[in-house]
Amino acid sequence: MSIGVCYFPEHWPAERMEEDIERMAETGIEYVRMGEFAWSRIEAEPGEFDVEWLERAITLIGDHGMQAVLCTPTATPPKWLVDEHPEILQEEADGTTRHYGSRRHYCYNSAVYRRETRRIVGALADRFADHPAIAGWQTDNEFGCHGTVRCYCDDCASAFRTWLRERYDGIDRLNEAWGTAFWSQDLNVFAQVDPPRHTAASHHPSRLLDYYRFSSDSVVEYNRLQTEILREADDDWFVTHNFMSHFDALDAYDLSADLDFASWDSYPTGHVQAQRETVSRDELRVGDPDQIGLDHDLFRSATGSPLWVMEQQPGDINWPPYSPQPGDGAMRLWAHSAVAHGADVVSYFRWRRCRMGQEQYHSGLLTQDGAPDAGLQDATRAARELADLGETVGDSLSVPDAAVAIVHSYDNAWAIGIERNTPDFDYWQHLETYYRALRRRSVTVDVVPPRADLDGYDAIVAPTLYLADDELAARLDDYVAAGGELLVTMRSGVKDPYNKLHDAPQPGPLRDLVGAEIRRHESVPAELESAISYGGERFDSRVWNEWLSPTAEAVDVLGRYEGERADGEVAIVRNPVGDGNVTYVGTWPDDDLASALVGDLLDRADCETADPLPEQVRFARRDGLTWIANYRSEPLAIAAPSDATWFLGGSEIEAYDVAVTDAPPTDLALNER
């Protein structure tokens with residue numbers, strides 16, 4: 001439970017370094033991350049290395065009782081390398097070269113760039129091996145940022161053909177799997193396969209899906225190249241990578257298999273604007289706790305280990321549409337929320353606002369002249385509080401224990417994104433609908449891929465299992481038959497893993513499990529009213545309606561559409577399978593209906609839950625402690641048992657504040673003031 005900071009000594013006069021590092025130690029910082037964009041300073045000319053400035057910083061960090069986290073500098077290849085080898089640059093789908101001048105301009109499949117990566121990473125790893133002040137490494141920086149997972153250059157074309165040869169037993173098998181007879185797209189040899197470059201009309205969906213898979217695999221392979229070099233140099237180092245919020249071009253589960261733990265970069269007031277059309281006043285000040293929590297839980301679940309927040313928003317930031325000042329105490333609130341969801345370290349980005357370059361309007365813990373900014377006070381306080389908690393309950397907390405999992409799939413996000421069939425469908429937002437319903441009841445949630453081991457979970461929520469096959473159906477059937485409670489949602493079982501419609505009606509191989517098939521479906525614009533009757537109440541629904549037809553006598557019809565074209569049609573069913581049940585929801589429910597559905601699911605699974613919480617208030621349980629996070633601009637009061645111990649704060653919690661108690665969420669209640 002530690003605080004860190006991101007530091008760029010190369011941006012400042014050398015004489016300032018010692019003062020900066022001394023102030024970091026006084027703040028309570030324990031980890032200092034450096035070097036992710038420093039290649040041109042580390043190697044100003046080919047083969048001419050200068051790392052004395054970096055080594056001085058590392059040594060000073062160690063002298064002040066802190067530890068350094070180094071980054072491989074491969075996100076920003078220097079100009080001399082681009083001039084010598086312009087073939088390392090990425091190409092967009094229309095053939096436009098992504099030139100030098102910002103960052104992330106290299107191609108993952110460039111043999112030249114992989115060679116240069118081995119050289120620079122190997123040189124740094126060898127130089128700093130066994131340095132006592134270095135805790136570990138971050139590979140590169142935010143793989144895929146700025147839309148750079150997918151490159152369309154000749155190197156990628158060649159690598160894609162090789163990737164396909166390894167997965168298909170001959171070109172005839174590829175033609176069959178993709179369905180290339182459509183629009184005369186049959187192929188004679190693998191050499192005819194190109195990346196999905198610019199075309200007059202849309203691309204073949206199967207070709208696109210495989211290219212998305214290939215591109216993600218290319219990043220995974222490139223990352224593995226780096227992790228192997230680092231571990232060979234010093235196997236005491238940890239190796240991590242900093243992922244991004246709700247980023248679906250890169251499969252984080254695959255890449256995390258080569259990491260000791262996953263990290264991610266948290267910017268709550270920016271992400272809520274980037275990912276939502278409508279943002280509340282409180283969300284503009286502190287973000288959405290469920291949006292943040294989903295990312296925490298995903299990256300914790302990706303390795304099954306405590307995560308790091310490698311970049312935590314320190315104040316106002318430069319890249320969202322609007323940059324309001326975060327609420328008073330927000331940076332402290334975010335740190336505690338991260339720890340509650342399984343973070344061991346929260347590292348603020350950055351130490352000091354920069355005076356140059358593309359991020360001058362991105363704040364730091366200090367202003368550009370070295371004066372304290374709002375984030376410094378929050379970081380100092382959070383560091384002190386987390387240290388006090390560590391002394392009280394132990395420095396190392398275990399990973400949060402989840403009885404419920406939500407199934408999340410990059411394959412499904414890619415495939416449905418290729419053919420959304422409505423501008424209103426967003427895979428992440430649909431996932432959030434159910435995640436939010438679970439978190440309203442203070443349930444700890446694992447976020448897992450479809451291939452994960454589901455044994456041990458009392459309940460599973462599986463939104464939009466768009467790509468499904470017999471193997472997935474059998475695994476889910478085994479889980480439910482053994483007593484599991486499963487909730488599956490609309491647009492499931494639509495296609496096979498190659499992105500082709502099943503021969504059978506939707507939900508394809510999930511039909512027997514669900515106990516129903518889809519008779520018709522429609523996308524629902526806002527102009528068409530859509531409502532559901534469920535449990536004797538009327539709820540709103542939106543985006544997508546499926547008309548279900550039960551196929552088994554034991555199926556219970558739980559909900560029907562009301563009004564419009566689908567009036568009276570079946571919308572929600574429950575099918576008993578063995579000792580468990582499967583609920584299928586054929587629409588996108590409003591928050592109240594999602595809460596009711598999830599509440600009934602948890603009741604059947606005999607999961608302990610708290611009373612539903614209002615928006616912007618959340619309880620999170622970790623290792624015998626409950627964090628109460630108030631993301632509202634109004635104070636709140638908590639009713640707790642008389643013998644509850646308060647390790648931080650108390651039952652009266654101010655706006656944008658947090659408290660920690662040993663009472664479980666099930667023993668807590670909200671009393672509005």
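Is Arg104 buried or exposed in this model? Arg104 is buried, with a relative accessible area of 3%, where buried stands for under 20% relative accessible area, exposed for over 50% and partly exposed for values in between (1.4 Å probe, protein chains only). The model is predicted, so local features need pLDDT of at least 70, side-chain atom pairs count only at pLDDT 80 or more, and totals for chains, interfaces and linings use all residues. Residues are numbered from 1 along each chain as its sequence is written, and side-chain values use heavy atoms, with hydrogens and water left out.

Arg104 is placed in the loop between helix H4 (79-84) and H5; helices (H or I, at least four residues) and strands (E, at least two) are DSSP runs, numbered from the N terminus. Although not a glycine, Arg104 has a positive phi of about 60 degrees. A second case is Arg491, a residue other than glycine whose phi is positive and near 60 degrees. Arg491 belongs to the loop between S15 and H18 and counts as buried at 2% relative accessibility. Pro507 also lies in the loop between strand S15 (485-489) and helix H18 (511-514), and the peptide bond that joins Gln506 to Pro507 is cis, with omega about 15 degrees. Another cis peptide bond runs from Phe349 to Arg350, with omega near 20 degrees. Arg350 is found in the loop between strand S11 (343-348) and helix H14 (374-393). As background, most residues other than glycine have a negative phi, and most peptide bonds are trans.

Salt bridges (a side-chain nitrogen of Lys or Arg within 4 Å of a carboxyl oxygen of Asp or Glu) number 48 in the structure. One of them pairs Arg114 with Glu221, with 2.5 Å between the closest N and O atoms. Arg114 lies in helix H5 (residues 111-128) and Glu221 in helix H8 (residues 205-233), so this pair ties together parts that are 107 residues apart in sequence. Arg114 counts as buried at 12% relative accessibility, while Glu221 is partly exposed, with a relative accessible area of 41%.

Within helix H5, Glu116 and Arg119 are three residues apart, a separation of about one helical turn. Their side chains meet in a salt bridge (2.8 Å, N to O). Glu116 counts as buried at 8% relative accessibility, and Arg119 as partly exposed at 29%. In general, an α-helix has 3.6 residues a turn, so residues three or four places apart point the same way.

In helix H16, Arg436 and Glu432 lie four residues apart, about one turn of the helix, and their side chains form a salt bridge (3.3 Å, N to O). Both Arg436 and Glu432 are buried. Through salt bridges that share partners, Arg276, Glu283, Asp288, Asp290, Glu432, Arg436, Glu615 and Arg618 are joined into one network.

Thr433 is also located in helix H16 and is buried, with a relative accessible area of 6%. Apart from neighbours within four places in sequence, Thr433 is in contact (heavy atoms within 4.5 Å) with Arg542, Trp588, Pro589, Asp591 and Ala594. Asn421 is in the loop between helix H15 (410-418) and H16 and counts as exposed at 55% relative accessibility. With neighbours within four places in sequence again left aside, the contacts of Asn421 are Arg491, Ser523 and Trp544. The C-alpha atoms of Asn421 and Glu522 are separated by 9.3 Å, the two residues being 101 residues apart along the chain.

Helix H10 (residues 268-275) is mostly covered, with seven of its eight residues buried. The buried residues are Pro268, Thr269, Gly270, His271, Val272, Gln273 and Gln275. Their cover includes strand S9 (263-266), helix H11 (281-286), helix H12 (289-303), strand S10 (307-312), helix H13 (330-340) and helix H16 (427-440). Thr269 has a relative accessible area of 1%. The contacts of Thr269 beyond its neighbours within four places in sequence include Glu283, Leu284, Gly287, Gln313 and Trp334. Thr269 and Gly287 are 18 residues apart in sequence, and their C-alpha atoms are 4.8 Å apart in space.
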